[in-house]
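Here's a walk through one chain, written for someone who likes to know the cut-offs behind the words. Have the structure open as you read.

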Amino acid sequence: NRNYITSLRGLDQTPPVVTLNGNATVTLIVGGSYTEQGATVNGGTSATATISGSVNTSLAGTYVVTYSGSDTAGNVGTATRTVIVAKATPLITQLPNALAIIAGQRLSASQLTGGTATVPGSFAWSDPSIRVLNPGTESYPVVFTPTDGANYNPTTALVSVTASQGTPFQTWITDFSLTGADALEGADPDRDGLNNLLEFDLGRSPTRGDGWTRSVAVTSNQLK
């Protein structure tokens, strides 16, 4: 046993030293370029390290590249480099157009159309609940959400909205969050037998169902 231990002590058990060329951590964005810098080996059978692992620059994530070198005794030395491929932020190349609205309406009433960016995606108001109180043109934030959310970040921009001074009816109808056909004078969104214009004239709500339907029901019961 003593001879065996002595023979072990005489063996070369020191691995080669692997030294990275460049930084141990590299950060780039999706679509960027990764240049492999390699590593050197001191005390190995080759001065150049063997590389294992790869980096996909079109997919966000964290990648580890391993560099190794061995000597004639079979000792192996290693070093690693971490490559972080971060999400990219697209560039908005053309802003969308915002549909004109009536002062008092919320941004949700202004439809966004068109608009492009360097990657596919969609535009939406950052806060569609904002009420545009005054006539005129003002800018409000929109958010562009990429279709490929795994590799691209949302980004924001400002889009102009023009609000006109509405008629008394148009100003009144905006308080009830009705849109499209339900906001027209002849519509009856609460199905109470009174169209919106009559509700306005009578000082009623176009969404509460307090019109002729209820009155007829009461009258019918009284006649029984």
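Two strands count as paired if DSSP finds at least two bridges between them. Strands themselves are DSSP runs of E with at least two residues, helices are runs of H or I with at least four residues, and both are numbered from the N terminus. With that in hand, a bridge to start from: T50 has S68 in β5 as its bridge partner.

Some ground rules. This is a predicted model, where local features need pLDDT of at least 70, side-chain atom pairs count only at pLDDT 80 or more, and totals for chains, interfaces and linings use all residues. Residues are numbered from 1 along each chain as its sequence is written, and side-chain values use heavy atoms, with hydrogens and water left out.

**The chain overall**

The chain holds 4 helices and 14 strands. It has 224 residues, and 29% of them count as buried; buried means under 20% relative accessible area, exposed over 50%, and partly exposed in between (1.4 Å probe, protein chains only). Its accessible surface is about 13,300 Å², with 53% belonging to carbon and sulfur atoms; the areas come from the Shrake-Rupley method with a 1.4 Å probe, and for residues only the protein chains shown count as cover. Take contacts (heavy atoms within 4.5 Å): among those between residues at least 6 apart in sequence, 52% join residues at least 24 apart.

How confident is the predictor? pLDDT is its confidence in each residue, from 0 to 100. The chain has a mean pLDDT of 89, and 89% of its residues reach 70 or more. Over residues 213-224, pLDDT stays under 50, and the model has 5 contacts beyond four places in sequence for that stretch. Where pLDDT is low, the predicted coordinates should not be read in detail.

**Two open sheets**

Strands of a sheet pair through backbone hydrogen bonds, either parallel or antiparallel.

Pairings from both sheets:

| Strands | Sense | Bridges |
|---|---|---|
| β2 and β6 (residues 76-86) | parallel | 5 bridges |
| β4 and β5 (residues 61-70) | antiparallel | 3 bridges |
| β12 and β13 | antiparallel | 5 bridges |
| β13 (residues 136-146) and β14 (residues 155-164) | antiparallel | 9 bridges |

On β2, which face is covered? V26 and L28 make up the covered face, while T25, T27 and I29 lie on the uncovered one. L28 stands opposite V85 in β6. In β14, T156 is the bridge partner of V143, and T162 stands opposite T137.

**The cores**

A nonpolar core is a set of buried Ala, Val, Leu, Ile, Met, Phe, Trp, Tyr and Cys residues joined through side-chain atoms within 4.5 Å. The largest one has 17 residues, and W125 and V142 touch the most other members. Two or more residues come from each of β12, β13 and β14, with β14 giving the most, 4 residues. Apart from that core lies another, of 15 residues, among them L20, V30, V83 and V85.

V142 and W125 are also bridge partners, with V142 sitting in β13. Beyond its neighbours within four places in sequence, V142 has contacts including L112, F123, W125, T156 and V159.

Is R191 buried or exposed? R191 sits in the loop between α2 (168-173) and α3 (196-202), and counts as exposed at 60% relative accessibility. Its phi is positive, about 55°, although R191 is not a glycine.

D192 has its place in the loop between α2 and α3, but D192 is buried, with a relative accessible area of 1%. Along the chain D192 and R208 are 16 residues apart, and their C-alpha atoms are separated by 8.4 Å.

Definitions and conventions. pLDDT = per-residue confidence, 0-100.
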